[in-house]
Structures are given as C-alpha cells and as structure tokens.
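Hi,

Here is the structure I promised to pass on.

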Amino acid sequence: MDQTWLKTTLERFKNEQDPVRKFLKETKLFEEALANQEFEKTDLLIRKELGGILTSFKESFRKLEEGFVQKAQIQNIGKTNSATTLLDRIIIKVTSAGYGLNGLGTGVNATSVEIEKVLNHDFSMLEKVGTLQKEILETLPTSFANNPEAAIEAVNKLLLDFETQFEARNSIFLKT
C-alpha cells in the first residue's frame with residue numbers, strides 16, 4: 001500500500017453522506033462526535049490489515065511445530081510458544097488500539113492533527129510489518145534448524161521491537 005491508498009480512503013470516508021449521518025452532522029450535539037471520523041475509520045482499516053498480517057505469522061509458527069512432530073524432534077516441540085504468546089499480545093494491542101484518553105467524560109479530546117498523526121504512524125507500521133514478515137518467514141525455518149533457541153530469541157526481539165514502535169503512537173496524545 002502506498003500513500004495514494006491512504007488519501008483515497010480518507011477522501012472516500014469524508015464524502016460518505018448517508019441521510020442519518022447528514023442529519024447528525026447538522027445537530028450540534030453530534031457534530032463533535034462525528035468530527036474526524038474519516039481518520040478513525042481509515043485507521044481501523046489499517047489496523048485490521050496489520051492484525052491480519054501478524055496473524056499469518058502464527059500459521060508459520062504452527063507449521064514449524066508441525067514439522068517438529070513429523071520429524072520426531074521432540075526437543076523442539078513447544079519452543080515457538082513464547083513467540084506465539086507475544087504475537088497474540090501484539091495482535092490484541094494493534095486491533096484494539098485507541099486514541100489515548102479521548103472520549104466522553106475524560107475532558108480530553110484528540111485534535112484532528114493528533115488523529116492524523118496517529119493515522120500516518122499506523123500506516124507506516126504497514127511497511128514495518130512487511131519487513132518483519134520478510135525477516136520472520138524467510139529466515140525462521142533455516143535459522144531454527146541450526147539453533148532453535150537463538151532463532152526464537154531473534155523472533156521475539158523482532159516482535160518486541162515492532163510492539164515498541166507501534167506503542168509510540170501513544171506519545172502523540174501526551175499533553176505537556
């Protein structure tokens with residue numbers, strides 16, 4: 001995906017005008033609630049894509065474990081559990097990520113600038129997950145055959161780095 005997709009999707013959501021939404025936008029009470037909704041919808045699509053790619057890694061780990069069973073490599077069975085658990089945690093963070101303390105009753109509302117920064121940050125994570133995907137899927141089977149502990153440790157480090165980079169989105173909302 002490139003920046004053109006991002007702009008096109010944002011524009012599509014901006015122009016989405018069903019009768020109920022049109023009415024609510026005219027109502028002062030709902031005007032603020034519907035503001036910046038196009039950014040949030042686009043961000044949700046991006047995070048769903050990220051979650052889908054990350055979920056595909058679990059299948060790779062499962063196939064690796066399946067290979068251990070077939071080859072009767074009992075000593076390696078279960079070694080990918082730590083990576084799978086870490087991956088599950090990251091997938092939950094990505095798919096359920098919010099917008100800081102934004103919401104009713106918090107007294108804090110994210111500005112359109114902040115929401116746009118988060119959108120761009122999450123979009124940049126698509127590129128990073130592509131790199132992560134290449135590193136994990138292409139190197140894991142061969143490196144695991146040589147040294148399983150080091151291979152899983154390397155995968156866990158890559159996943160932790162990705163998690164840290166994704167969580168950097170929270171600093172956008174820090175009000176100083």
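Below is what I found in it, going from the whole chain down to single residues.

First, the ground rules. This is a predicted model, so local features need pLDDT of at least 70 and side-chain atom pairs count only at pLDDT 80 or more, while totals for chains, interfaces and linings use all residues. Numbering starts from 1 along each chain as its sequence is written, and side-chain values use heavy atoms, with hydrogens and water left out.

The protein chain has seven helices and zero strands; helices here are DSSP runs of H or I with at least four residues, strands are E runs of at least two, and both are numbered from the N terminus. Buried residues make up 34% of its 176 residues (buried is under 20% relative accessible area, exposed over 50%, partly exposed in between, with a 1.4 Å probe and protein chains only). Among contacts (heavy atoms within 4.5 Å) between residues at least 6 apart in sequence, 81% join residues at least 24 apart.

Now the core. The largest nonpolar core has 34 residues; such a core is a set of buried Ala, Val, Leu, Ile, Met, Phe, Trp, Tyr and Cys residues joined through side-chain atoms within 4.5 Å. Leu50, Leu54, Phe57, Ile136, Leu140, Leu159 and Phe162 touch the most other members. Helices α4 (37-70), α5, α6 and α7 each supply at least two residues, and α6 gives the largest share, 11 residues.

Next, the α6/α7 pair. Helix α6 (residues 112-146) packs against helix α7 (residues 148-167) at about 175°, with the axes 9 Å apart. Axes are lines fitted to C-alpha atoms, for helices over the stretch in contact, and angles run from 0 to 180 degrees between N-to-C directions. The two are therefore roughly antiparallel (over 145 degrees; under 35 is roughly parallel, 65 to 115 roughly perpendicular, the rest oblique).

- Glutamate 163 sits in α7 and is buried, with a relative accessible area of 6%. Leaving aside neighbours within four places in sequence, glutamate 163 touches Leu86, Arg89, Ile90 and Lys93.
- Alanine 110 lies in the loop between α5 (81-95) and α6 and counts as buried at 13% relative accessibility. Alanine 110 and phenylalanine 173 are 63 residues apart in sequence, with their C-alpha atoms 7.1 Å apart.

Cheers
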